[in-house]
Amino acid sequence: MVVMEASNPYADNVQAKANAPITVVRLLERAREMLGLDELECCLETVYDRLDKNAPRIAIIGGSLDHPAHITDWETVLKVAACVWMRGGVPFYFSVPVVCDAIAQSTLGMSYSLQSRNAVAAMVTNQMEAHSYHAAYVITGCDKTPLAILAGLAHLDLIRRRRGERPLMATFHPAHVLRGGTLPQDLHHALTNLARRAEEQGYTDIANDLRDTMKYVLQCTSNAAYRAVLQRARDAGLITVAEHNDYEKRLAVHTCHHNGGICAFNGTGNSSRIALAAMGLVHPAVELLTAPPEMERVKQVVDGLFACLTRPMFSVAHVMAANFANAVRVYSATGGSTNLMMHLVAAMVYAGYRVTIDTIDYIRRHPPVPDIFDYSLTQGRDIFTLAQQCAAGQIRGTETLFYELQRHGVPMDLDTPTVTGTTWRERLQDEHALPANGVKENPVILSYPKRTISGVEVLRGNFFDSAVLKISGMTDEQLEHFNDKVAVVIFFENEEEANARLSDIHMLNRLKNIQDISKGTLVNIASYNMKGTDSLPPSVSKWTKEELFQWMIDAGILRLAVVISGQGPEAFGMPEMFTPMQYVNARKALRRITLLLTDGRFSGVTYGPAIGHVTPEAINGGGIGLLQTGDLVHVQLNARRIDLLDPQAFAEGRLVPWDIYKDQARQILGAERRRRWLRRQTLIAIPNRLQQVTDAAHGVVPLPIWENATLSYPLG
C-alpha cells in the first residue's frame, strides 16, 4: 500500500532512510522472537523500499511501564507492529510518560498530574511531526492521558489540513480492565473483630464506618477509605501503629491483579475509555477486555485503521468532532468522571473548536440524558463486571449504550464515521446482543433509566462564575437531602489544612466550639432546613450552642460546606481532592451533612455533593478565596445555584444574597491569602506549573491553543 500525497519526506532524506529502518527491523525482530511469528520477515532493504515509496508510516503510541495500565503494553505493541508490517505499512513505536493519579495521590505529585495532560499533547504532536507519521495506533490507559493524546493528534490533524497536507488518522486501543481485589478471609476476620472491639469501647462511629468500607470491592480507592477509618481507630487506641501498618500492607498486596489494566471503578480512566469509544475512535474488538488482547483482535483494529487511511472523513479531528455530541450523551448517561468535563473541552479546543463546559451542559440537557448505568462498587457492578458481560456476548458495550439511548428518544447521530471504516448506523444494523436486557443478572447498562437526567451539572453562584457537580453518583434522595438548605462554611486555605482537620478523630467535637457562628444563627439554620417537616423541640431555648449543634448533627439537620481553596490550576496545578473527600466519606456522621466545594478537581462524589472546578480560582481573585469559617451559603441544587448569604439579614430571618466582592475587609483577607498561595506555588518545579492557561470552564489549555480555536461548534 502506498500513501498518495504531494510530498514524501523520506524520498530525498538519506539520513532518515539510514536511521529509521534499524528501529523498524529491531521492533519486528522482537515481535518475531517474543510472539513466535516465524513467518514475519523483514530486512533493512525492505524497510528502505517501503519508506521510499511512501508506505503508511504508523506510530504505535504506548505509555510508561511504571503505570499499572501499561505493564502489558510491550506485548500489545509487538502484535500491532507485526500486523502493520503484514498489512504493508511501516510500524514505529514511541511511548509517553503517564502520571498515575493513584500513585500521585496525597503527595505533591498531584500538582503535576493535570499539567502532564498538556505536556503529553505537546510531546505527541512533537514526535508525530518530527518523524512524519501518517497515522497512530494508540494504546491508552488511565486518567487524563487518553484525552491528552487525542488532543495532540486532533490539533496536528488541524494543522496539517491548514497546510494543505493529507489528514491524520488514529485508532485508540484502551488497556483491559483490571480486576478488583478481594479481602483475604483472615484479614476480613481481623477487621470484623476490630469493628466489634470499637463498638464495645464506645466507638460506634468507627465500627459502622469500618463495616461500610468492607462492603466495597477492594480497589486503590477503597484502600484510601480504609486508611481514613484505620487512622481513627489508631488514634482511639483500638489498634497499634504496627497493626495499622500490617492491615494496610495486607490490603495493598491483595488489591491489584498482576496483569495490571485500567482500575475497575468508573473513574477518569474508564470514563475516558467510554468517551473515546462514543467518539467512534475505539474499535469494538478491543473496547472492553478483561485481559490483554489476542493477535486476532489487534489485527481487526489494524485492518480498520488501514480501511480509513485514504478517506479524509475518517481523520482523527473529524471523527472526534462529528461524534462530540454522541460522546457527551454517552458520558452523561454512564455517570462519568467529573474530570472529563475539562478533558472533553480541552480535546475539542485543541482541535480548533471554541467550546466550554456550557457546550457540554447544553448537549446534555437538550434533551435531558437519562441515567442508564447502574454502577456500584458495593453490589458487584464495576467496569470489570461490564467487561465480563461483553466478553460473554450478552451485550456490546458502547453499541448497546447507543441502542438504548436511541430507544429512549435521545438523538444519537448514527451517520457519523468510526474507526471501523463504517458509520454507527452500519455497526448497529446487526442487532445481535444490542439490547441491554441481554444481561439477566446484575446488569450495569439498563434497559430502563433509573431517572430522567444524569451526568454532571454546571452550577452558578453569586461568588463564583461556574462549578461542576456529578449528580449521576448521587441518588434522588441524596440530592434532595442537600437541596434548598443553608450550610455553614468550614474554610480551608489549602488541602493540607483540610486533610489535617478532616482526619482528626475529634473534628466534630471541635466544630461545636467554633466561635464564628452564634446559637441564634444555628436556630435559624435549623428552622430553615426543617421547613415543611417537624418544628424545633420546645427545649431548644435551654440548650447550649454545643448541645444544639450536636442535636442538629444527630437529626441530620445541620449542613456543612467544607471549602478547600487555593487548589486551582494556576495556584497549585489543580490536584484532585480525593483524599479530603475520602476523609468525609469514611465518616458516616460527617458525610450525611457535608458538601465539598473547591477550585481543585474531582473524579467522583461523596454521599454529599462534591462540587469542584470553581471559577474564577482563588488565586485569581475568585470569591471562593474570600470565604471564611462561619459564612452561610444557600444550596439550591434543583436551581443549580449556590449563593453566599448576608449574615445580618439571615439573623433577621431573611435570605438575602451578599456580594462579598464589595467587602473591603474580605478583599484585604484575600490579598493576604494570595501572598501565601504564591509562596506555596514555589513548591512546584517551574517547568511544571500551569501558567498562562484558561480556567477549568475552558479546559485548562495553554492560551495560544485557546486563541487558535476559531471554529464554532453547532448547537441546536
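Analyst: Buried means under 20% relative accessible area, exposed over 50%, and partly exposed in between, with a 1.4 Å probe and protein chains only. The model is predicted, so local features need pLDDT of at least 70 and side-chain atom pairs count only at pLDDT 80 or more, while totals for chains, interfaces and linings use all residues. Residues are numbered from 1 along each chain as its sequence is written, and side-chain values use heavy atoms, with hydrogens and water left out.

User: Why is Arg601 called buried?

Analyst: Arg601 has a relative accessible area of 1%, so Arg601 is buried. Asp101 has a relative accessible area of 5% and is therefore buried too.

User: What makes Asp101 and Arg601 a salt bridge?

Analyst: The closest N and O atoms of Asp101 and Arg601 are 3.3 Å apart. A salt bridge needs a side-chain nitrogen of Lys or Arg within 4 Å of a carboxyl oxygen of Asp or Glu, and the pair of Asp101 and Arg601 forms one. Asp101 belongs to helix α4 (residues 101-104) and Arg601 to the loop between β9 (594-598) and β10 (610-615), so the pair ties together parts that are 500 residues apart in sequence. By the salt-bridge rule, the count comes to 46.

User: Which residues of helix α8 pair with Arg232 and with Arg591?

Analyst: Arg232 in helix α9 pairs with Asp209 in helix α8 (residues 204-213), 23 residues apart. The closest N and O atoms of Arg232 and Asp209 are 3.0 Å apart, and both residues are buried. Arg591 forms a salt bridge with Asp212, again with the closest N and O atoms 3.0 Å apart. Arg591 lies in helix α27 (residues 588-591) and Asp212 in helix α8, 379 residues apart; both are buried.

User: Which residues are linked in a network of salt bridges?

Analyst: The network consists of Asp371, Asp374, Arg381, Lys450, Arg451 and Asp476.

User: Why are α9 and α26 called oblique to each other?

Analyst: Helix α9 (residues 220-235) and helix α26 (residues 578-585) pack at an angle of about 60 degrees, with their axes 9 Å apart. Angles under 35 degrees count as roughly parallel, over 145 as roughly antiparallel, 65 to 115 as roughly perpendicular and the rest as oblique. The two helices, α9 and α26, are therefore oblique. The crossing of α9 and α26 is right-handed.

User: What residues of α9 and α26 meet?

Analyst: Thr221, Ala224, Ala225, Ala228 and Gln231 of α9 meet Phe578, Gln582 and Tyr583 of α26, contact meaning heavy atoms within 4.5 Å. The residues of this contact divide into 5 nonpolar, 3 polar and no charged.

Conventions
Axes fitted to C-alpha atoms, helices over the stretch in contact; angles between N-to-C directions. Helix = DSSP H or I, 4+ residues; strand = E, 2+ residues; numbered from the N terminus. Left-handed = near helix turned anticlockwise from the far one by under 90°. Nonpolar A, V, L, I, M, F, W, Y, C, P; charged D, E, K, R; others polar.
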